[in-house]
Amino acid sequence: MNASRRVFLRSAGLGFFALGLPPAYLVRAAQAQSAKSKSLVVVFQRGAMDGLNVVIPFKDPAYYKLRPSIAVREPGAGEESAIDLDGFYGLHPALAPLKSIYDKNQLAFIHAAGSPDNTRSHFDAQDYMEIGTPGIRSTPDGWLNRYLLETRQSESNFRGVAVTAQLPRMLAGRAPALTLTSIDEFRFRNEALGDTLKKLYADTQDKELRFGAANLFGAMAELKRLDAKIPVSSERYPAGRFGAGLAQIARLIKADVGLEVAFTEIGGWDTHANQGGATGQLANRLRELAAGLAAFHRDLGDRMDDVTLLTLSEFGRTARENGNRGTDHGHANVIFAMGGGVRGGKVYGRWPGLSAEALYEGRDLALTTDFRTVCSEALVRRLGQKDVARVFPGFRPAGHLGIFT
Amino acid sequence: MSAPLSQEQKIVHFLNRTSFGPTPGNVQRAARIGIRAYLDEQLEPGRIADQLAEEKVAGLKTMRFDSRELIELYPPPRVQRQLATSQAEMAMQSMEGPRVVILELQQAKLLRALYSNRQLYEVMVDFWSNHFNIYAAKGANRWLTTSYDRDTIRPRALGKFKDLLEATAKSPAMLFYLDNWLSAGPDSPGAQMAGPNNRRRGLNENYARELMELHTLGIDGGYTQKDVQEVARCFTGWTIVQPRGQGVFHFAQRIHDNGEKNVLGRRIPRGGGMDDGLRVIEILAEHPSTAQFIAAKLVRRFVADEPPPGMVNKAAEAFLRSGGDIPTVLRAIVDTPEFFARENFQAKIKNPLEFVTSALRVTGSEAQVTHQLLRYLGRMGAPLFLAQAPTGYPDIASSWISADMLLTRMNFASDLVANRLPETNVAAETLKDRDGLIRRIAPDSLSPATQAALAQADGNQAIALLLAAPEFQRR
């Protein structure tokens with residue numbers, strides 16, 4: 001029996017053995033698994049990134065007035081100035097490694113985007129963005145999980161993977177999703193015990209734990225089988241968990257394990273004080289972000305054609321700098337979209353402006369693009385999702401941005 | 001399944017919730033003197049002798065120093081890696097001096113959880129540290145957290161909520177973590193002159209927001225963005241004398257906003273100075289939303305992920321009636337028939353700290369708290385004192401049973417029993433007495449699946465299996 005059939009038989013359960021033959025659609029699914037799947041990678045920037053200092057509206061006259069000590073200088077104004085994108089927006093200089101990807105039209109930005117809910121609580125806003133229903137806290141599952149339930153490219157144990165220790169809410173729900181912080185350490189040190197536990201957790205009446213373990217044992221068996229086929233990348237990722245996580249996602253994609261959605265995160269964006277301008281606290285976070293994304297892009301090479309990466313952060317920050325050369329909790333932000341299927345080299349989204357009347361509640365960048373519009377387009381265009389209403393209940397995109405091919 | 005708990009099950013349930021796990025010793029003692037007497041004792045930790053734990057902690061020299069001494073004795077290495085603050089572990093690796101300070105703090109916490117006789121007290125220290133979370137790897141907090149733990153949280157963990165709230169508000173660690181030390185009234189005299197480049201300083205609303213959302217009222221507690229700004233104004237001037245020098249609290253009148261404020265509909269007249277902040281603490285500590293919020297969080301910790309509303313109301317009532325007296329609230333939760341209801345038995349998934357400590361305690365292990373042991377907590381998702389976000393670590397099952405975390409727990413169980421954890425040994429008697437171990441984990445309540453698996457295992461393998469089994473992931 002070939003490997004992919006083994007996988008499908010295990011996950012499909014024993015029922016079909018009795019019938020002798022599996023139904024045709026499952027055979028197709030099992031065969032499809034060895035083919036290249038399309039993947040969506042979500043990078044969550046926890047803490048609320050200051051989008052106004054990331055993709056900088058240097059031609060908006062209010063920008064420099066609102067930010068006397070933290071603004072990034074306009075392009076051409078010397079070494080530490082913004083990198084021109086289109087004559088209106090400039091890229092923070094710490095994101096220089098991403099410019100060539102933008103120029104290759106594989107990176108786009110969507111500005112004044114985010115969640116329409118007006119909460120300025122990190123925790124509520126992160127939740128809303130992860131469950132995909134701003135303003136409704138009772139939604140039980142994450143939108144990436146609902147994608148897994150609705151659209152199925154294969155029966156792989158690796159369809160949904162977070163490279164974080166905790167399963168993020170975005171991936172939590174009824175569809176199995178895996179957490180995997182280290183491919184190399186994802187094994188039992190006592191194999192005999194592992195075999196016993198596999199059976200025990202399959203038989204236990206403890207539903208929560210049985211669910212958590214099912215995926216663990218399935219994925220572990222699959223990894224063991226693939227061991228030699230998961231190449232370690234020689235690409236240099238930035239040190240730390242973010243870089244290591246992206247490197248792992250790239251390994252899984254290259255190994256064709258059937259990864260459809262992946263999640264990773266990067267923290268440290270809550271810059272209430274001394275956030276810096278072209279250099280400093282925020283710049284350091286951006287440097288790590290850019291180094292990671294650029295390494296990921298190089299590492300995957302042509303495989304980027306099958307991969308779409310989105311960044312999300314719970315909200316933006318105040319348009320005006322605060323009394324400590326930092327910024328407080330705000331509203332709209334900027335989203336990155338990277339991949340071979342992105343119509344890049346462009347900043348999307350209507351710019352609402354930073355004049356006093358244009359600011360949301362008198363203090364924040366107003367929102368012109370709902371993050372769900374961007375995510376929906378990615379799911380439909382890149383992952384073949386048909387009905388986005390199942391992934392984002394109650395949401396109807398106001399328009400079509402055409403970010404993806 | 002709705003049969004009442006047996007006496008043996010009650011004791012294990014009680015110890016699972018009010019300590020870092022049953023040991024041969026505390027099971028016996030609770031059986032001998034009775035649960036209520038045991039609880040009385042635990043609520044007065046000052047009367048419980050605690051030599052063993054104190055001796056173990058005494059070996060950690062940083063625990064005795066104040067913040068200024070720590071900064072002098074454990075300065076940062078001259079070259080700091082730029083990326084270090086992003087990730088706890090990296091921050092630790094790249095900073096030799098303060099790394100030792102945080103390491104010893106983690107060691108002390110784990111040693112006390114393992115060996116202290118004042119178990120309920122240590123549970124509450126952990127609860128409040130998490131409730132008033134700070135991130136020990138953020139800047140000056142690398143030296144300020146030792147004092148935060150020792151001088152702010154520990155002396156008040158079983159006292160009055162308001163005292164704890166006020167102490168955290170004044171603590172240099174919290175002032176630094178949530179940036180309040182920098183917050184200044186924009187029109188105050190100090191704001192005009194202060195700050196590099198002659199720039200005016202102004203308001204920072206970080207602390208004010210978390211104070212209401214996370215420390216007191218809760219997100220639905222009935223405050224607005226305007227209240228956040230007003231509370232921030234009240235706390236202007238609550239600052240630190242040299243975060244990386246003396247590292248002590250100071251009220252700086254010259255950066256305080258002296259105007260009138262209005263907080264949650266209450267007028268705070270102009271000219272109040274430091275009293276503005278104290279008044280806010282009073283308003284928040286006495287607010288019914290706070291009682292409800294703290295009660296729900298305690299019931300979630302001690303009873304179930306979905307706190308039964310009846311229990312929450314009773315606890316909130318006790319909170320209001322007693323002026324936020326923590327032991328009174330705990331008694332209203334633990335000393336009730338509902339607490340011992342069958343549906344609450346084994347209802348909570350252990351968090352990483354609870355899992356590791358309960359495994360070492362139930363097996364009577366003699367453990368040194370090594371790097372490796374602490375690293376296990378990190379891999380399970382909860383390194384001590386290093387939760388980056390002000391929410392602290394979550395307290396619901398789904399946060400702790402991802403595939404990766406379960407695997408790490410299973411590997412921990414097997415490493416522990418095989419004595420592969422450095423300088424840690426499982427008691428020989430435990431390895432020989434499987435039935436005794438079962439009585440401390442799940443008396444008369446092992447599932448058929450676990451019993452079947454146990455029947456296939458022998459010797460040490462059976463012990464490891466018990467610690468890796470579903471029953472032991474719960475408390």
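Let's start with F296(A) and its contacts: leaving aside residues up to four places away in sequence, F296(A) touches L246(A) and A250(A). Being in contact means that the C-beta atoms, placed from the backbone, lie within 7 Å. This is a predicted model, where local features need pLDDT of at least 70 and side-chain atom pairs count only at pLDDT 80 or more, while totals for chains, interfaces and linings use all residues. As for the labels, residues are numbered from 1 along each chain as its sequence is written, and chains are lettered from A and ligands numbered from 1 in the order in which they are written.

F296(A) sits in helix α11 (residues 281-300) of chain A; helices here are DSSP runs of H or I, at least four residues, numbered from the N terminus. Is F296(A) buried or exposed? It has 26 C-beta neighbours inside 10 Å, so F296(A) counts as buried (the cut-off is 20 or more other C-beta atoms within 10 Å; 12 or fewer is exposed, and in between is partly exposed).

Now for a spot where two chains meet. The axes of α9 (residues 207-226) of chain A and α21 (residues 403-417) of chain B come within 8 Å and cross at roughly 80 degrees. Axes are lines fitted to C-alpha atoms over the stretch in contact, with angles from 0 to 180 degrees between N-to-C directions. That makes α9(A) and α21(B) roughly perpendicular, a label for 65 to 115 degrees. On the α9(A) side, G212(A), A213(A), N215(A), L216(A) and A219(A) meet A403(B), L406(B) and L407(B) of α21(B).

Note on methods: Helices (H or I, at least four residues) and strands (E, at least two) are DSSP runs, numbered from the N terminus. Angles under 35 degrees count as roughly parallel, over 145 as roughly antiparallel, 65 to 115 as roughly perpendicular and the rest as oblique. Two residues are in contact if their C-beta atoms, placed from the backbone, lie within 7 Å.
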